[in-house]
Amino acid sequence: MKSTIVKFTAKPEHATSFAATLKEAQAATQKEAGNKEIKVFVSKSDANVFFVYERWVDKAAITSHDNEPHTKKLMKVGQTALAGAPDFYFLGDTNPLPDHSKSANAEDEVFIIFFIFKLKTEFRAQLLNQFEDHITHTRKEEEGNILFDLYTVDDQEDTLAVYEHWRKESDVWDIHFHQPYAEKTGKLMEEAVVGDLKQYMNFVTEI
């Protein structure tokens, strides 16, 4: 399996039409044999910023997707609609492996986070080990957690990506961050991450 995250920043006057094109591409992508999952999100703080999360059977499926008419159309529309080139993140799984077996309940508000951050590379191995423990406990012990994945980023040794779904926002701030394993991770992150952690946090809504 191979996952990707793509970040698009649209020009304000094209944001609505670009979102519609993204949804059109999503519907077509879901019919591709190599696609296992595709979700489209908009930033809560900036209505011009969109994220696409995709999961594929392998790299060949991504290459095939790039040649599909709906992908080419999206890129063509983007030439006019986007403020700059998209940010592509080709992801590598870490332990524990991604687990998307849980789903939201009807009453869940669903709080979603993309946290793509730069780190001092001397902390990389330590962070990967700590997140393995952190994510294992989170998935097993926290009822508010729906999804919590950590990924490496291909060809970027100084970058890691976290993708999370929670049943409601307070499950993160009032419960999760007060767990011993989360506090330990937080202290390590303060040492390991380049700059302010907040700059890397993206809170999004699925569209």
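Trainee: Let's start with Thr4. Where is Thr4 found?
Mentor: Thr4 sits in strand β1, which covers residues 2–9. Keep in mind that this is a predicted model.

Trainee: Buried or exposed, that Thr4?
Mentor: Thr4 counts as buried, because its relative accessibility is 3% and the cut-off for buried is under 20%.

Trainee: Which side chain does Thr4 join through a polar contact?
Mentor: That partner is Glu54, with a polar contact of 2.8 Å between the two side chains.

Trainee: And what else is Thr4 in contact with, leaving aside its neighbours within four places in sequence?
Mentor: Besides Glu54, the list has Val52, Tyr53, Trp56, Ile62, Tyr89, Phe90 and Leu91.

Trainee: Since α1 came up, how many residues does α1 have, and what should they span?
Mentor: There are 15 residues in α1, and at 1.5 Å a residue they should span 21 Å. The end C-alpha atoms of α1 are 21 Å apart, which agrees.

Trainee: Which α1 residues are buried?
Mentor: Ala15, Phe18, Ala19, Thr21, Leu22, Ala25, Gln26 and Thr29. Seen down the axis of α1, they fall within an arc of 160°, so they line one face of that helix. Their cover includes β1, β2 (35–43), β3, α2 and α3.

Trainee: What about overall dimensions along the principal axes?
Mentor: The C-alpha trace spans about 50 × 40 × 35 Å. The radius of gyration is 17 Å, which agrees with the value near 17 Å for a compact globule of 207 residues. Buried residues make up 47% of the 207.

Trainee: Of the contacts between residues at least 6 apart in sequence, what percentage join residues at least 24 apart?
Mentor: That comes to 77%.

Trainee: OK, on to α4. How far does α4 reach from its first C-alpha to its last?
Mentor: Helix α4, residues 124–141, reaches 25 Å, close to the 26 Å expected for its 18 residues. Its buried residues are Arg124, Leu127, Gln130, Phe131, His134, Ile135, Thr138 and Arg139. Seen down the axis of α4, they fall within an arc of 155°, so they line one face of the helix.

Trainee: And which exposed residues are on the face turned away from the buried side of α4?
Mentor: Ala125, Asn129 and Lys140. On the buried side, the cover includes β5 (111–118), β6 (145–153), β7 (156–166) and α6 (180–192).

Trainee: Which residues of the largest nonpolar core touch the most other members?
Mentor: Of its 20 residues, those are Phe115, Phe117, Leu127, Phe131, Val162 and Met189. The elements giving two or more residues to this core are β5, α4, β6, β7 and α6, and β5 gives the largest share, with 4 residues.

Trainee: What does Leu127 touch, not counting residues up to four places away in sequence?
Mentor: Leu127 touches Phe117, Leu119, Leu160, Leu188, Met189 and Ala192.

Trainee: Last one: where is Arg167 found?
Mentor: Arg167 is in the loop between β7 and α5 (170–175). Arg167 is buried, with a relative accessible area of 17%, and its side chain reaches the backbone oxygen of Glu143 at 3.1 Å. Among the other residues that Arg167 touches are Ser103, Asp108, Glu109 and Ile146.

Methods:
Residues are numbered from 1 along each chain as its sequence is written. This is a predicted model: local features need pLDDT of at least 70, side-chain atom pairs count only at pLDDT 80 or more; totals for chains, interfaces and linings use all residues. Side-chain values use heavy atoms; hydrogens and water are left out. Buried means under 20% relative accessible area, exposed over 50%, partly exposed in between (1.4 Å probe, protein chains only). A polar contact is a pair of N or O atoms within 3.5 Å; within protein, one must be able to donate a hydrogen and the other to accept it, and residues adjacent in sequence count only if both atoms are side-chain atoms. Contact means heavy atoms within 4.5 Å. The expected span of a helix is 1.5 Å times one less than its number of residues. The arc is that of the directions from the helix axis to the C-beta atoms. A nonpolar core is a set of buried Ala, Val, Leu, Ile, Met, Phe, Trp, Tyr and Cys residues joined through side-chain atoms within 4.5 Å. The radius of gyration is taken over C-alpha atoms; the globule rule is 2.2 Å times the number of residues to the power 0.38.
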